[in-house]
Amino acid sequence: MAERGIIIGIAGASASGKSLLANTIVKELGSKQVAVISEDSYYRDNSALPAAARSQINYDHPDAFDHALLIEHLRQLQAGEGVNIPIYNHTLHIRETQTRYVGPHSIIVLEGILLFAELLLRECMDIRIYMDTPLDICLIRRIRRDVIERGREMESVLIQYQETVRPMYSQFIEPSKHYADIIVPRGGENRIAIDMIKAKIRELLTNFSPNE
């Protein structure tokens with residue numbers, strides 16, 4: 001195996017369980033050689049726009065992300081270099097001035113809605129996993145997350161879902177499923193899928209660093 005970082009991409013609809021799957025896998029592996037990065041950190045910085053204008057942006061379209069920066073960071077991580085990852089404020093729709101440093105890891109678990117929608121981004125990944133969760137479940141989870149965790153109004157969450165989230169899912173996210181190596185049904189609590197992915201990562205870790 002080449003001595004470079006392995007990147008595992010987890011894509012799927014908003015609130016499909018991507019973060020839960022990624023964090024569960026890393027927690028249960030208990031290895032310091034595995035780190036999680038979210039595509040959400042790479043939303044473009046729109047702090048120059050008024051708050052009203054920022055709230056009208058289509059955040060489910062590929063253009064909302066700085067994928068060029070994400071690709072640059074992934075390549076640096078694969079080369080054994082550390083990167084400073086942006087921190088995004090979902091309530092204000094801006095990037096924070098602080099960043100989060102991530103050093104070289106044997107394996108990077110990358111999660112996000114549009115990871116498979118762009119060729120250059122897909123080519124950075126060694127394994128691609130798609131979360132195939134029913135959309136009604138995703139909507140319920142999204143409402144809970146945005147209202148409780150991000151302090152948004154229920155009405156604005158539903159309007160955004162109807163106007164951009166669902167249409168962009170149909171246009172970009174669902175069609176990208178055929179690029180996946182593994183399709184996981186029933187969300188991030190699918191124990192069989194979790195155990196299979198953990199077993200594969202352990203194999204990769206063993207090959208990468210026999211002493212881990």
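# Questions on a predicted model

Student: Which residues is L115 in contact with, leaving aside its neighbours within four places in sequence?
Tutor: This is a predicted model, and contact here means heavy atoms within 4.5 Å. Once the neighbours within four places in sequence are left aside, the residues in contact with L115 are G9, I10, A11, E39, L70, L110, L121, R122 and M125.

Student: How many residues does the largest nonpolar core have, and which have the most contacts inside it?
Tutor: The largest nonpolar core has 38 residues. Within this core, the residues with the most contacts are L110 and L115, and L110 is also among the residues that L115 touches. The answer is therefore 38 residues, with the most contacts made by L110 and L115.

Student: Which element gives the most to this core?
Tutor: Several elements each supply at least two residues of the core, among them the strands β1 (6-12), β2 (34-38), β3 (83-89) and β5 (107-111). The helices α3 (67-78), α5 (135-149) and α6 (154-173) likewise supply at least two residues each. With 6 residues, the element that gives the most is α6.

Student: How many residues are in the other core that lies apart from it?
Tutor: Another core lies apart from the largest one, and its members include I8, L21, V34 and I194. The number of residues in this other core is 22.

Student: Is Q160 buried or exposed?
Tutor: Q160 lies in helix α6, and, leaving out residues up to four places away in sequence, Q160 touches Y59, D60, R142, R152 and V165. A residue counts as buried when its relative accessible area is under 20%. Because the relative accessibility of Q160 is 13%, Q160 counts as buried.

Student: Where is the place of A15?
Tutor: A15 is a residue other than glycine with a positive phi, near 65°. At 14% relative accessibility, A15 counts as buried. Its place is in the loop between β1 and α1 (18-29).

Student: How many residues lie between β3 and β4 in the hairpin they form?
Tutor: The strands β3 and β4 run antiparallel and are joined by 6 bridges, one of the pairs being V83 with its bridge partner V102 in β4. In the loop between β3 and β4 (94-102), H93 has a positive phi of about 60° although it is not a glycine, and at 14% relative accessibility H93 counts as buried. The number of residues between the two strands of the hairpin is 4.

Student: What share of the residues of the chain counts as buried?
Tutor: The accessible surface of the chain comes to about 10,600 Å², with 52% of this surface belonging to carbon and sulfur atoms. Of the 212 residues, the share that counts as buried is 52%.

Student: How far apart are the closest N and O atoms in the salt bridge that R145 forms with D146?
Tutor: A search of the whole structure finds 11 salt bridges, and R145 with D146 is one of the pairs joined in this way. D146 is buried, with a relative accessible area of 1%. The closest N and O atoms of this pair are apart by 3.0 Å.

Student: By what part of a helix are K200 and E203 separated, and why?
Tutor: K200 and E203 form a salt bridge in which the closest N and O atoms are 3.6 Å apart. K200 is partly exposed, with a relative accessible area of 36%, and E203 also counts as partly exposed, at 42% relative accessibility. Because they are 3 residues apart in helix α7 (residues 191-208), K200 and E203 are separated by about one helical turn.

Key. Residues are numbered from 1 along each chain as its sequence is written. This is a predicted model: local features need pLDDT of at least 70, side-chain atom pairs count only at pLDDT 80 or more; totals for chains, interfaces and linings use all residues. Side-chain values use heavy atoms; hydrogens and water are left out. A nonpolar core is a set of buried Ala, Val, Leu, Ile, Met, Phe, Trp, Tyr and Cys residues joined through side-chain atoms within 4.5 Å. Buried means under 20% relative accessible area, exposed over 50%, partly exposed in between (1.4 Å probe, protein chains only). Two strands pair if DSSP finds at least two bridges between them. Accessible areas come from the Shrake-Rupley method with a 1.4 Å probe; for residues, only the protein chains shown count as cover. A salt bridge is a side-chain nitrogen of Lys or Arg within 4 Å of a carboxyl oxygen of Asp or Glu.
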